[in-house]
Amino acid sequence: MIKEGDQVVCVNDVFDPRSIEIIPNRPKKDSIYTVREMRYYDMHDKMGITLVEIKNPLMVKDFFGRLQEPSFNIIRFAPLDQVLDSISLEELEEAVV
C-alpha cells in the first residue's frame with residue numbers, strides 16, 4: 001500500500017499525446033520519487049499522486065472549481081521496497097544457477 005511520504009519507482013512512463021501536450025513535467029521509468037500527496041477521484045474510481053521531485057503548474061479544476069496540479073495515476077508506480085526485494089531475489093536466483 002502506497003501512502004504519502006513513501007518512495008516509489010515509476011514503472012510506466014508512457015503517456016497519451018494529450019497528456020504530453022499539457023503536462024510539462026512527467027515521471028520517467030525506473031526513476032525513484034517521493035509521494036507528496038494522494039487524491040482519490042470518485043468519478044473515475046482512481047487514485048492519483050503528486051511527487052515531491054516533480055512540480056507542474058496548477059491547471060486541473062477540482063470538484064469545487066479550484067485549480068490544482070495534475071496528478072499521476074498510482075498504477076504507474078511501485079513501492080521502492082517491493083522493487084528492491086524483487087531485484088534482490090532475481091540476483092540471488094542468478095547467482096545460484
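Residues 24 or more positions apart account for 52% of the contacts in the chain that have a separation of 6 or more, a contact being heavy atoms within 4.5 Å. The structure is a predicted model, in which local features need pLDDT of at least 70 and side-chain atom pairs count only at pLDDT 80 or more, while totals for chains, interfaces and linings use all residues. Residues are numbered from 1 along each chain as its sequence is written, and side-chain values use heavy atoms, with hydrogens and water left out.

The chain contains two helices and seven strands, arranged along the sequence in the pattern β-α-β-β-β-β-β-β-α. Helices (H or I, at least four residues) and strands (E, at least two) are DSSP runs, numbered from the N terminus. Of the 97 residues, 33% are buried, where buried means under 20% relative accessible area (1.4 Å probe, protein chains only).

Five strands form an open sheet in the order E6-E3-E2-E1-E7, with antiparallel pairing; two strands pair if DSSP finds at least two bridges between them. Strand E6 (72-73) and strand E7 (77-79) stand at the edges with a single partner strand each, so one side of each has no neighbour in the sheet. E2 and E3 pair over six bridges, with arginine 39 opposite glycine 48 in E3. Two bridges join E3 to E6, where isoleucine 49 stands opposite phenylalanine 72.

The largest nonpolar core has 13 residues, and Val8, Tyr33, Ile49, Leu51, Phe72 and Phe77 have the most contacts inside it. Such a core is a set of buried Ala, Val, Leu, Ile, Met, Phe, Trp, Tyr and Cys residues joined through side-chain atoms within 4.5 Å. Strands E1 (7-10), E2 (32-41) and E3 (46-51) are the elements that each give two or more residues to this core. Beyond its neighbours within four places in sequence, isoleucine 49 is in contact with Val35, Glu37, Met38, Ser71, Phe72, Ile74 and Phe77.

Glutamine 68 lies in strand E5 (residues 67-68). This residue is buried, because its relative accessible area is 15%. Leaving aside neighbours within four places in sequence, the contacts of glutamine 68 include Arg39, Tyr41, Pro57 and Leu58.

Technical notes
Buried < 20%, exposed > 50% of the residue type's maximum accessible area, 1.4 Å probe, protein only.
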